[in-house]
Amino acid sequence: MSSASDLFPAPAPAAPLAERLRPRSIDEVLGQRHLLGPGRPLRLAFASRKPHSMILWGPPGTGKTTLARLMAQAFDAEFIALSAVFSGVKDIRDAVQMAEATLASSGRHTILFVDEVHRFNKAQQDAFLPYVERGLVTFIGATTENPSFEVNSALLSRATVYVLESLGEEDLGALLERTGLQADAGARARLVGFADGDARRLLNAVEILQNAKPGAPVDAAFVESALAQNLRRFDKGGEQFYDQISALHKSVRGSDADASLYWLVRMLDGGADPLYLARRIVRMAVEDIGLADPRALQIALDATATYERLGSPEGELALAEAVIYMACAAKSNAVYNAYNAARAFVRDDVTRPVPLHIRNAPTRLMKGLGYGKDYRYAHDEPDAFAAGESYLPEGMPAVEWYKPTERGLELRIREKLAELRRLNEEARGKRK
């Protein structure tokens with residue numbers, strides 16, 4: 001736990017450059033003008049001196065931790081920081097006890113900052129709720145993942161989400177000036193490109209250069225050689241995680257194998273969890289391919305199992321194989337559409353009883369009540385099909401949710417269903 005006066009102590013000379021250059025006021029913060037500019041939400045929050053619970057969502061190195069510390073300083077509040085990577089429910093309870101003791105002894109409020117809050121499970125996230133509701137602590141969560149998916153709805157409803165953006169070239173250039181690094185235009189451009197919107201990444205790179213060549217100017221060639229092991233090409237747009245998974249999914253859906261492979265490798269190269277990608281590939285198999293090519297699901301599951309057995313980097317090849325297969329496979333969202341239509345119908349419909357003839361009848365009483373009476377066992381019928389039989393609740397309107405496409409295996413399924421419907425209509429017509 002840190003008091004406001006302890007949040008920004010004079011950094012030791014040996015402290016990392018990123019810590020030595022950490023902003024001491026919101027006026028020193030680079031970027032985030034949409035939040036910190038005049039009249040903008042966080043600027044107003046600082047001015048009001050009335051803290052509120054929030055979630056700061058943005059890429060690495062955009063100032064989430066710094067903003068939380070600056071709020072504690074501005075509000076003269078105690079500051080407790082937890083990392084979801086290393087903390088559990090016990091740490092949350094300990095933090096709450098500290099907040100209660102602080103409030104009782106000095107009347108000071110506590111800001112509880114949780115870094116990487118998306119790594120807490122639902123039970124751990126729920127543990128914050130009673131203390132946030134009581135106003136004992138102001139909760140500030142930081143995450144690089146979309147809170148809509150990674151933060152439970154109860155906690156999300158009690159916090160305002162602020163979206164932080166990657167730093168632009170102008171902001172990174174200004175930060176580079178603060179480091180005092182002597183660099184020519186080529187070196188500066190290379191460093192800004194290397195940072196890819198991440199202030200911490202830029203400062204760590206500068207520190208490597210300063211240690212390698214203390215006090216001496218650097219050029220583009222030196223930057224290339226000094227950072228060779230870490231230098232990667234990044235798109236200037238700085239797409240976020242969910243933008244990239246969207247690009248991968250849509251490339252597969254669009255049957256572009258090369259684009260699909262590109263986005264898969266981009267995400268693996270950027271540190272995405274390969275098993276998360278594997279789960280999304282399975283989703284693609286059932287959502288966008290379905291019964292047009294049932295092998296796609298098996299290949300996706302096999303790729304997941306292969307990665308689980310081999311790990312990185314060997315198992316990544318299985319994911320690549322699955323992605324390429326998905327892109328090349330026949331496409332159909334007929335199952336996806338049918339499921340959603342059926343789900344919407346059941347959600348809005350009344351509760352309909354199961355027809356007597358298809359109920360289970362394990363007891364004499366049930367048989368006496370007509371359970372299972374007149375049920376036609378399909379295997380005893382011609383071609384194992386009881387033509388004219390009905391399996392939906394009585395009085396339910398006719399439905400045709402599943403509409404197979406004319407692609408892949410679904411073409412044959414479409415023809416089979418059309419024939420079965422013809423036989424049903426023929427049999428029902430004879431009864432009239």
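Predicted model: local features only at pLDDT ≥ 70, side-chain atom pairs only at ≥ 80, totals over all residues.

Student: Okay, how many bridges join β1 to β5?

Tutor: Four bridges join strand β1, residues 54–57, to β5, and the two run parallel. For one of them, look at Ile-55, whose bridge partner in β5 is Val-161.

Student: What order do the strands of the sheet come in?

Tutor: The open sheet has five strands, in the order β2-β3-β4-β1-β5, with parallel pairing. At the edges are β2 (78–83) and β5 (160–163), each pairing on one side only. From one strand to the next, the twist averages 20 degrees.

Student: Which strands does α4 lie across?

Tutor: Helix α4, residues 64–74, lies across β1, β2, β3 and β4, and runs at about 175 degrees to β3.

Student: And is α4 largely enclosed or open?

Tutor: Eight of its 11 residues are buried, so α4 is largely enclosed by the rest of the structure. Among the buried ones are Leu-67, Leu-70 and Met-71. Their cover includes α2 and α3 as well as β1, β2, β3 and β4. After α4 comes Asp-76, which has a positive phi near 50 degrees.

Student: New topic: how many aromatic pairs are there?

Tutor: The structure holds six. One of them is Phe-79 with Phe-113, a stacked pair with 6.0 Å centre to centre and 20 degrees between the planes. Phe-79 is in strand β2 and Phe-113 in strand β3, so the pair ties together parts that are 34 residues apart in sequence.

Student: Are those two buried or exposed?

Tutor: Both Phe-79 and Phe-113 are buried. Now try Phe-345 and Trp-401: their ring centres are 5.5 Å apart and the planes are at 55 degrees, so that pair is tilted. Phe-345 is partly exposed, with a relative accessible area of 22%, and Trp-401 is partly exposed at 28%.

Student: Last one: how do α16 and α17 cross?

Tutor: Their axes come within 8 Å and cross at roughly 175 degrees. Angles over 145 degrees count as roughly antiparallel, and α16 and α17 are therefore roughly antiparallel to each other. The contact includes Leu-275 and Ile-281 of α16 and Leu-297 and Tyr-307 of α17.

Student: What kinds of residues make up that contact?

Tutor: The residues of the contact of α16 with α17 divide into 13 nonpolar, one polar and one charged.

Note on methods: Residues numbered from 1 in each chain as written. Heavy atoms only, no water. Axes fitted to C-alpha atoms, helices over the stretch in contact; angles between N-to-C directions. Parallel < 35°, antiparallel > 145°, perpendicular 65-115°, else oblique. Contact = heavy atoms within 4.5 Å. Nonpolar A, V, L, I, M, F, W, Y, C, P; charged D, E, K, R; others polar. Pairing = 2+ DSSP bridges. Buried < 20%, exposed > 50% of the residue type's maximum accessible area, 1.4 Å probe, protein only. Phe/Tyr/Trp six-rings, centres within 6.5 Å; stacked < 30°, edge-to-face > 60°.
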